[in-house]
Amino acid sequence: MAATASPGAGGMDGKPRTSPKSVKFLFGGLAGMGATVFVQPLDLVKNRMQLSGEGAKTREYKTSFHALTSILKAEGLRGIYTGLSAGLLRQATYTTTRLGIYTVLFERLTGADGTPPGFLLKALIGMTAGATGAFVGTPAEVALIRMTADGRLPPDQRRGYKNVFNALVRIAREEGVPTLWRGCIPTMARAVVVNAAQLASYSQSKQFLLDSGYFSDNILCHFCASMISGLVTTAASMPVDIVKTRIQNMRMIDGKPEYKNGLDVLAKVVRYEGFFSLWKGFTPYYARLGPHTVLTFIFLEQMNKAYKRLFLSG
């Protein structure tokens, strides 16, 4: 009698069984949302730093620590969690799509013998997943940028969104539905850069650490690979991120937008604030992105392992 494959060993084609696509998407979003709860204050500081000194004005914040203490003093402890609902919706849309598509494509392109895709293919997978996720998540991104920026404005100029859903409804009603996708191109461009660096470098770093023989596939390995991935991503994506932030927060002045396009943002930042202002807020950017990357992948890895143990084991 022919031997019957164990349920946990693999499918009819001999490949190991994996979780359904819907579960991959769900875990991706939950991992990102869980990480956001911890890093939302850092996201707020990053956005405030990137808007500080806009239009050749004097910088509101000298350092990230100055920004954090100023926000706490002026807006209180609740103030540093402004925009949390938008941050969670962004993860539920952007990260769910991004990680779900990346995981599916990565497994599809893994060889029958378990050989993973090469580095360039990993980067391409990451860019495709990131651009798709960014398009889906742009409305939540616009709401997040505006909600986190509101506290720096005089009371009579604040938008005063109550939560992300109130923000989305008001933006659509007051400025038109297309405004929900304002800055979509730089958002997608940023996502391409971030995901090419983040997802590919995470996979590559994890693979390198495992091949070194000094690490096993555990939380320590995931942590180290995530920190390397976060550093690479921070250095590569900051100039694109400041473009995205300023376009999504801009107002109409005498019927005209503050910036014509992304190149106009870059030109004005360099001209009025200096070349290195493109990397303004490096510390909160990495302080947010590094732990978010770490927490997202740790949560994702642990949920995948738990699912396999509970539902795919023999």
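**Notes on salt bridges, cavities and surface**

1. Let's start with a charged pair: Lys280 and Glu273 join their side chains in a salt bridge, 2.5 Å from N to O. Keep in mind that this is a predicted model. Lys280 counts as buried because its relative accessibility is 5%, under the 20% cut-off. Glu273 is buried too, at 17% relative accessibility.

2. Glu273 has another partner. Arg246 makes a salt bridge with Glu273, and here the closest N and O atoms are 2.7 Å apart. That pair ties together distant parts of the chain, with Arg246 in helix 7 and Glu273 in helix 8 (residues 262–273), 27 residues apart. Arg246 is buried, with a relative accessible area of 1%.

3. Stay in helix 8 for a local pair. Lys268 forms a salt bridge with Asp264, with 3.4 Å between the closest N and O atoms. Both residues sit in helix 8, 4 residues apart, or about one turn of the helix. Are the two partners buried or partly exposed? Lys268 is partly exposed, at 30% relative accessible area, while Asp264 counts as buried, at 15%.

4. How many salt bridges turn up when the whole structure is searched? The search finds 15. Some of the charged residues are joined up: Asp43, Arg90, Glu141 and Lys244 are linked in a network of salt bridges.

5. Now for the empty space inside. Rolling a probe the size of a water molecule over the atoms shows where empty space is left. Searching the whole structure gives 2 cavities of 30 Å³ or more.

6. What lines the largest cavity? Its lining is made up of Arg90, Gln91, Tyr94, Thr95, Arg98, Glu141, Arg190, Val194, Gln198, Arg288, Leu289 and His292. Helix 3 (84–108), helix 6 (184–212) and helix 9 (282–312) are the elements that give two or more residues to this lining. Helix 3 supplies the largest share, 5 residues. Sorted by class, there are 3 nonpolar, 4 polar and 5 charged residues.

7. On the outside, look for a nonpolar patch. Phe135, Val136, Val177 and Trp181 form it, and together they have about 350 Å² of accessible area. Trp181 lies in the loop between helix 5 (164–175) and helix 6. At 32% relative accessible area, Trp181 is partly exposed, so it passes the patch cut-off of over 30%.

8. Met127 counts as partly exposed, with 28% relative accessibility. The C-alpha atoms of Met127 and Val192 are 4.4 Å apart, although 65 residues separate the two along the chain.

Note on methods. Residues numbered from 1 in each chain as written. Predicted model: local features only at pLDDT ≥ 70, side-chain atom pairs only at ≥ 80, totals over all residues. Heavy atoms only, no water. 1 Å grid on protein atoms, 1.4 Å probe; cavity = no way out; pocket = protein on both sides within 12 Å on 5 of 7 lines; lining within 4 Å. Points joined across faces, edges and corners; volume = space filled by probe spheres on them. Nonpolar A, V, L, I, M, F, W, Y, C, P; charged D, E, K, R; others polar. Patch = residues over 30% accessible without salt bridge, like charges linked within 9 Å, V, L, I, M, F, W, Y side chains within 5 Å. Areas by Shrake-Rupley, 256 points an atom, 1.4 Å probe, with all protein chains shown as cover. Salt bridge = Lys/Arg side-chain N within 4 Å of Asp/Glu carboxyl O. Buried < 20%, exposed > 50% of the residue type's maximum accessible area, 1.4 Å probe, protein only.
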